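Subject: Structure handover and notes

Hello,

Please find the structure below. My notes come after it.

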Amino acid sequence: MNIDDFELIYKNNRKEIKNKTLIKTELSEFLGEKNVSIKNADLLAYTRDSSLIALNWTIQGKIAGLPDFITWPETKEQISKILKLANKEKIPVIPYSEGSGVVGGSIPIYGGIIIDMKKFNKILEINDKNLTVTAQTGINGMNLERYLNSKGYTSGHIPQSLYTSSLGGWIAHRAAGQFSTKYGKIEDIVMGMEVILPLGEIIKFKPIARAATGPQLDKMFIGGEGTLGIVTEATLKIWPYPEKRTLISYSFPTIEDSFNATREILRENVYPAVIRIYDVHETDRHFSEVENAKKRVMTVFVCEGNKKLVDVEEAITREMCEKNAGINCGTGPVEHWFETRFRVTETSTMSPYKLVYDTVEVASLWDRAARIYHSVVEATDRIKGNLLITAHVSHFYANGVGTYFTFGGVPPKGVSDLEFYQECWDSIIKAVLEAGGSIAHHHGIGINRAHWMKKEWGTAINVMKDIKKLLDPSNILNPGKIYEDIWKGGVE
Ligand SMILES: Cc1cc2nc3c(=O)[nH]c(=O)nc-3n(C[C@H](O)[C@H](O)[C@H](O)COP(=O)(O)OP(=O)(O)OC[C@H]3O[C@@H](n4cnc5c(N)ncnc54)[C@H](O)[C@@H]3O)c2cc1C
């Protein structure tokens, strides 16, 4: 089969590169032959990320985007040279780490050069006194965490995609781990970074606990999604591996009761590492065997850290749950969660049945959390062909929450997978904005949410676009993400 036989989804955006042979020769000169490829098998491997719609396309023999060159640089100087060459030739460059992103962030919409970061996989230093680790950003998440665990530490950043994502991808998308209620999101964990700007300049933000050295420019590259620079190295906070872990679960009559209990726990300045509220549908899906949770809202907690503190956290957690009509469901549901927390087979079984399925995570303050949940369920229920809308709430702050919706259905006759997917996504985002929430909690913007950025940010998005132009005048670094509406006919 020839690569041209695959139907290309973003075909209208693709730009042909004329002097490909010369560019390949130039790339090979400074990267070495083994670190550049134009083989079809390699090009095909980088046509998509892990967006679930892309899995449907793969089954149908379609590809999302088609890159022209795959590169595996080993040094920051090599990355800088790729960027300088790309600017000279006006070729797009797409940073790519593990491809587990789910919003189209690493799809090469315009073609161009993929910079695969996997050779940036070294752990450079653990500093016990400062409680920091410095590592290259292509490192796989599980490799980093296992290494830390073997030395008696944890980063506290454990996303469901731990085995299939990297430090660089986490920083690019402002990721959140399952233990984020205690340890924070990645933006709370990163202390310093090295970044290569689109024109090839290498800059460094030294690690520091806190400072007052002008605006926090470094923060702009956290959530930059590979559009403002390529992050090559980062220093993270680490923690001693927890001495004690306590597992707690309660079921509540309604999601509002569970929100009240969890909010009141955090109000006491008590931060269980994990809190997860499952709506009645997800409770039924995951905990149907738990008698005390029938037709109720399951909520699981993990308190961890210093033994004496964990005991106090447990007491306060139980007090707030019982005050808000919680029924104790024991440790079983939390043990079940621990056993299944990296299992994602459910999602990949949908596409072969022609179901279009995805997850959308959003953020809100406490006073809007319940309204957002109900508005999204109502809006998504109205979509023709949609069969499923469920939610869990898995990231908690004293001031608000991150809520994670799952939808799935069969596009009605005459409606393409992508049209149906876009309708579901847009209905959810619209409902969230109308109810006063924020459009993304930890998966990022990529392609899927770019057309909502004006509504989310207001006129501030124009300032961001100006900054992008200043740093990347030829728009070579990951074009088509965050600032551009690739889903044509998008929402104003
Ligand atoms: C089953 C599953 C479970 C998931 N669970 C979670 C979860 O619990 N929490 C969560 O937050 N996310 C989760 N995700 C989403 C995904 O894992 C994250 O978005 C992750 O941060 C992406 O990392 P990656 O290394 O795979 O990045 P990629 O997918 O390779 O890239 C993502 C984006 O980052 C850019 N990028 C990559 N490396 C760099 C770099 N070094 N410098 C600058 N830009 C770069 C890319 O251009 C792209 O825009 C999940 C995804 C799947 C498929």
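Predicted model: local features only at pLDDT ≥ 70, side-chain atom pairs only at ≥ 80, totals over all residues.

Residues are numbered from 1 along each chain as its sequence is written, and side-chain values use heavy atoms, with hydrogens and water left out.

Domains

The domain assignment gives domain 1 (3–116), domain 2 (123–240), domain 3 (244–340) and domain 4 (345–471); such bounds come from an automatic or database domain assignment. Between domain 3 and domain 4, the centres, taken over C-alpha atoms, are 25 Å apart. Their contact (heavy atoms within 4.5 Å) takes 15 residues from domain 3 and 17 residues from domain 4.

Ligand site

The ligand lies between domain 1 (3–116) and domain 2 (123–240), because both give residues to the shell around it. There are 35 residues around the ligand, and those that come nearest are Pro-95, Ser-97, Ser-100, Ser-161 and Ser-166; a residue is near a molecule or strand if one of its heavy atoms lies within 4 Å of it. The shell divides into 12 nonpolar, 21 polar and 2 charged residues. Here Ala, Val, Leu, Ile, Met, Phe, Trp, Tyr, Cys and Pro count as nonpolar, Asp, Glu, Lys and Arg as charged, and the others, Gly among them, as polar.

Strand 5 (93–96), helix 6 (167–173) and strand 12 (230–237) each supply at least two residues of the shell, and helix 6 gives the most, with 5 residues. Helices (H or I, at least four residues) and strands (E, at least two) are DSSP runs, numbered from the N terminus.

- Gln-160: a backbone N or O atom lies 2.8 Å from an oxygen atom of the ligand.
- Ala-176: a backbone N or O atom lies 2.7 Å from a nitrogen atom of the ligand.
- His-442: a polar backbone atom is 3.4 Å from an oxygen atom of the ligand.

On its own the ligand has 980 Å² of accessible area, of which the protein covers 94%. Accessible areas come from the Shrake-Rupley method with a 1.4 Å probe; for residues, only the protein chains shown count as cover.

Buried means under 20% relative accessible area, exposed over 50%, and partly exposed in between (1.4 Å probe, protein chains only). A polar contact is a pair of N or O atoms within 3.5 Å; within protein, one must be able to donate a hydrogen and the other to accept it, and residues adjacent in sequence count only if both atoms are side-chain atoms.

Asp-68 sits in the loop between strand 3 (62–63) and strand 4 (69–71) and is buried at 2% relative accessible area. Its side chain makes polar contacts with the side chains of Arg-14 (2.8 Å) and Lys-20 (3.0 Å).

Asp-116, in strand 6 (residues 113–116), is buried at 0%. Its side chain makes a polar contact with that of Tyr-46 (2.6 Å) and reaches the backbone nitrogen of Lys-118 at 2.9 Å.

Thr-390 belongs to strand 19 (residues 386–396) and is buried at 3%. Polar contacts of 2.8 Å join its side chain to the side chains of Glu-282 and Arg-285.

Regards
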